[in-house]
Amino acid sequence: MTYAAKNLTTGGRELIAFRVGDQEFCVNIMAVREIRGWTPATPMPHAPSYVLGVINLRGAVLPIVDLSARLGMKPAEPTVRHVIIVAQVKSQMVGLLVDAVSDILTVRDEEIQPTPDISSEFEKSFARGVLAIEGRMICLIELEAVFPQEEREAA
Amino acid sequence: MDMNEIKEIFFQECEEQLAELESGLLKLNDGDRDPETVNAVFRAVHSIKGGAGAFGLDDLVSFAHVFETTLDCVRSNRLEPNQDVLKVMLKSADVLADLTNAARDGGSVDQARSRQLIKELEALANGELPRASAAEPAPKAEASVPAAVVSPPVNEEGFQPVAFSFEDFEADEPALIEGTCYEIVFRPKSELYAKGNDATLLLRDLSRLGEMSIHCDKDGLPPLDGMNPEEAYFSWKISLKTDKGEEAIRSVFEFAEWDCDLDIALAGGCAVDAGEELPMQPVPFDLSMLDEAPAGSADGEEQIATRDRDAAVSAAETASNVLQMAQSSNRAPAEAQRNAAAAAAAQQAASAATPTIRVDLDRVDRLINLVGELVINQAMLSQSVIENDTNGTSSINMGLEELQQLTREIQDSVMAIRAQPVKPVFQRMSRIVREIADMTGKSVRLVTEGENTEVDKTVIDKLAEPLTHMIRNAVDHGLETPEKRLAAGKSAEGTVRLTAKHRSGRIVIELADDGAGINREKVRQKAIDNDLIAADANLSDEEIDNLIFHAGFSTADKISDISGRGVGMDVVKRSIQALGGRINISSKPGQGSVFTMSLPLTLAVLDGMVVTVANQTLVVPLTAIVETLQPEASAIHSFGATQRLISIRNSFCPLVDVGRILNFRATQANPVEGVALLVESEGGGQRALMVDAIQGQRQVVIKSLEANYTHVPGIAAATILGDGRVALILDVDAIVAASRGQSLKPEMSLAAAG
């Protein structure tokens with residue numbers, strides 16, 4: 001916490017980087033509540049294909065979203081090596097199924113490059129920028145754009 | 001804390017006071033004449049009035065004031081609280097509740113009704129005691145001195161002192177009109193200042209009442225080095241000439257009366273300077289009197305009389321305290337008695353109200369959630385220990401057993417936090433009975449039993465509506481008119497009995513009336529007329545009784561405001577079922593009907609049947625299931641292209657494949673391989689739900705899906721099974737509705753986006 005606070009005062013921000021398929025993404029660490037191993041989820045009837053189901057998170061029912069499928073890539077086949085990032089999106093909690101958590105990054109705002117001008121509206125809608133870290137490209141995604149409230153309610 | 005929050009607290013307290021008021025009045029109605037009950041009722045109205053005054057809720061204040069005045073007559077035994085009086089009072093309590101609600105939520109109240117009640121209350125206050133309102137006696141001091149000396153036994157009667165004091169004073173009544181002199185001794189306690197009141201302001205308000213002279217008594221002031229800066233040392237002796245009466249004087253001190261010693265006495269002969277002649281030492285008096293005289297009651301008047309004597313004696317015997325002392329000692333027994341009574345009352349009040357705290361419901365729910373999780377965790381832990389432990393006698397096992405007991409106890413205690421007595425709902429019912437009895441011109445007595453039976457708060461909240469319906473029905477349809485009752489050899493007053501009790505882990509609420517019972521002929525005819533049953537149907541008495549739960553059924557000849565629109569018992573049945581409860585009726589012609597509701601103690605847990613559907617574990621609420629059966633191939637009949645029916649005892653019932661409806665599988669399962677659950681749902685239709693297998697029956701803790709996800713059609717909620725996995729609880733009504741052709745699947749904007 002003191003570490004985070006120090007970085008915040010120096011204008012830096014902390015991000016959690018994770019791998020989905022062969023791409024790397026990151027989200028703001030403040031949105032992440034915990035990271036846990038994969039446990040089988042109970043499927044939900046009539047759920048969108050990327051909602052794998054719900055799991056028990058210490059008494060709360062937590063929906064699990066296959067981030068790979070959500071971002072338009074091929075659906076994941078969950079194994080024990082997969083992890084679930086429990087994140088808070090507005091007032092709700094959601095579990096994101098990713099391949100692995102790779103890093104905790106401390107970056108300054110100016111290190112975040114704007115999203116390249118591409119044709120796909122969908123990628124543009126959730127990408128908030130890209131980072132170049134040690135020759136890797138990490139895409140910063142906005143969880144609230146991935147799970148907009150009104151769509152969640154409609155689902 | 002802003003004003004709205006304070007106001008919210010006030011309204012919360014109002015609710016408590018209103019409940020107190022009503023239960024007190026009902027106690028009086030049952031013949032309780034305990035002065036403490038009367039005092040409790042009075043206090044409730046007084047507190048509401050006080051609070052309302054602080055928020056400028058004038059309607060509330062003015063009504064409460066009239067109510068209070070009348071109650072005061074009862075308190076001082078000037079008005080006998082008989083049935084008629086209490087009827088008015090109970091109605092007034094209802095209006096007071098309405099006014100409070102109107103003040104909180106806006107909206108209007110029936111002005112005509114409250115005005116009418118104000119009139120009735122005033123009539124009660126005046127009617128029985130014509131002199132009461134004008135009674136500001138101006139006694140002849142000489143006359144009362146001997147009376148005081150010789151009449152201690154009268155004083156000792158304690159609570160019935162008025163009769164005697166008035167007799168002597170009547171003659172002097174006219175003196176009042178041209179203004180009366182009062183001797184007021186006002187001695188603030190330090191609490192008065194601590195609460196932000198200011199003696200100066202009070203005295204200024206007092207000066208507006210009339211001509212006033214003030215003498216400040218500084219004798220109590222200690223030398224500077226012994227002085228506590230936060231202590232109150234001064235007292236004031238005030239001579240006031242006013243035509244407003246003692247009531248007005250007391251109202252100046254209304255919000256300070258608990259924090260000061262206030263002594264108001266009539267001064268004989270209006271001698272403003274008589275005060276100066278008195279010894280500077282203030283007239284001795286005791287605090288208990290003040291406690292009992294906040295609004296110039298008979299007690300107060302008696303005190304005036306006593307004080308008058310004191311004043312007169314002091315004036316006559318200037319500077320000598322001897323007689324005064326003697327009088328005090330004369331008064332002593334009566335006061336000692338009264339002190340004792342006050343102490344006893346205080347003790348009683350303390351024992352009645354055990355200390356409580358207000359806690360946010362969310363916090364309790366969070367605790368319940370965590371404890372539920374603890375229980376599951378503990379179960380999982382013991383499971384894995386048992387699996388890994390070969391000899392089974394290790395100390396770990398013993399520890400686990402203790403842990404299990406502890407967690408159970410914790411769970412029970414936590415659940416008990418949410419449990420509340422059903423009393424508030426029952427109290428509301430007594431109001432409804434009164435109103436409907438009034439409307440229908442029937443005389444009804446509501447008897448409640450087991451009001452302290454505890455049940456989860458959510459159940460209580462949802463109980464009020466169906467219960468209201470049923471009470472209305474019981475009074476409107478169940479009970480006969482007084483004439484008919486007398487003709488049938490019953491007492492003119494009908495009785496509705498509302499009982500709550502615990503029975504095998506559920507709460508059973510019984511509503512019994514001693515009316516005519518269900519007219520089965522009429523019900524049957526009506527059912528035939530409404531095409532609910534065939535004209536030649538052969539129904540048992542019980543089946544006929546149960547017809548009244550059908551939608552659109554009413555036997556009332558004329559539609560009234562109260563009931564008869566046919567949206568009655570079916571709504572009741574549905575809301576009871578929604579609570580996971582059952583309702584039964586038994587009726588004896590000429591003797592009345594009994595409705596019995598059995599409800600779960602909490603909505604947080606549910607009795608469910610754990611089933612397997614397409615390799616998924618689902619929970620079906622047990623209350624929905626009528627029976628389970630193993631279908632035979634010969635009982636399954638195809639109907640049209642996709643529908644299948646199952647014949648159960650020669651009637652055909654649509655077969656619903658749960659796995660298919662929930663989209664768990666693409667094709668319909670073979671019914672013979674599964675189990676059929678015969679369910680009854682909204683609207684009374686039966687359906688056979690096909691599941692693959694039944695795992696067992698168990699109590700499950702209900703978890704919200706909406707908290708982190710959204711509502712899922714066909715699924716009521718989720719739960720967590722002993723192995724820590726989430727299982728979905730089936731929404732039987734939605735499944736049945738879907739099987740009727742309504743779409744279960746809503747718009748899927750996310751699916752399109754993904």
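**Salt bridges and a helix crossing**

Arg43(B) is partly exposed, with a relative accessibility of 41%. The model is predicted. Arg43(B) forms a salt bridge with Glu36(B), with 2.9 Å between the closest N and O atoms. Glu36(B) has a relative accessibility of 14% and counts as buried, since the cut-off for burial is under 20%.

Over all chains, the salt bridges number 27. In chain A, the side chains of Arg136(A) and Asp103(A) form one at 3.1 Å, N to O. Arg136(A) belongs to strand β10 (residues 136–141) and Asp103(A) to strand β8 (residues 100–108), so the bridge ties together parts 33 residues apart in sequence. Arg136(A) is partly exposed at 26% relative accessible area. Asp103(A) is also partly exposed, at 27%. Another salt bridge joins Arg108(A) to Glu111(A), with the closest N and O atoms 4.0 Å apart. Arg108(A) is partly exposed at 42%, and Glu111(A) is partly exposed at 31%.

In chain B, helix α4 (residues 83–105) packs against helix α18 (residues 423–440). Their axes come within 11 Å and cross at roughly 115°. The two helices are therefore roughly perpendicular. The crossing of α4(B) and α18(B) is left-handed. On the α4(B) side, the contact is made by Lys87(B), Leu90(B), Lys91(B), Asp94(B), Ala97(B) and Asp98(B); on the α18(B) side, by Arg431(B), Arg434(B) and Asp438(B). These contact residues comprise seven charged, two nonpolar and no polar. A network of salt bridges links Asp94(B), Asp98(B), Arg431(B) and Arg434(B) with Glu22(B) and Glu435(B).

Technical notes:
Residues are numbered from 1 along each chain as its sequence is written. Chains are lettered from A and ligands numbered from 1 in the order in which they are written. This is a predicted model: local features need pLDDT of at least 70, side-chain atom pairs count only at pLDDT 80 or more; totals for chains, interfaces and linings use all residues. Side-chain values use heavy atoms; hydrogens and water are left out. Axes are lines fitted to C-alpha atoms, for helices over the stretch in contact, and angles run from 0 to 180 degrees between N-to-C directions. Helices (H or I, at least four residues) and strands (E, at least two) are DSSP runs, numbered from the N terminus. Angles under 35 degrees count as roughly parallel, over 145 as roughly antiparallel, 65 to 115 as roughly perpendicular and the rest as oblique. A crossing is left-handed if the near helix is turned anticlockwise from the far one by less than a right angle, and right-handed if clockwise. Contact means heavy atoms within 4.5 Å. Ala, Val, Leu, Ile, Met, Phe, Trp, Tyr, Cys and Pro count as nonpolar, Asp, Glu, Lys and Arg as charged, and the others, Gly among them, as polar. Buried means under 20% relative accessible area, exposed over 50%, partly exposed in between (1.4 Å probe, protein chains only).
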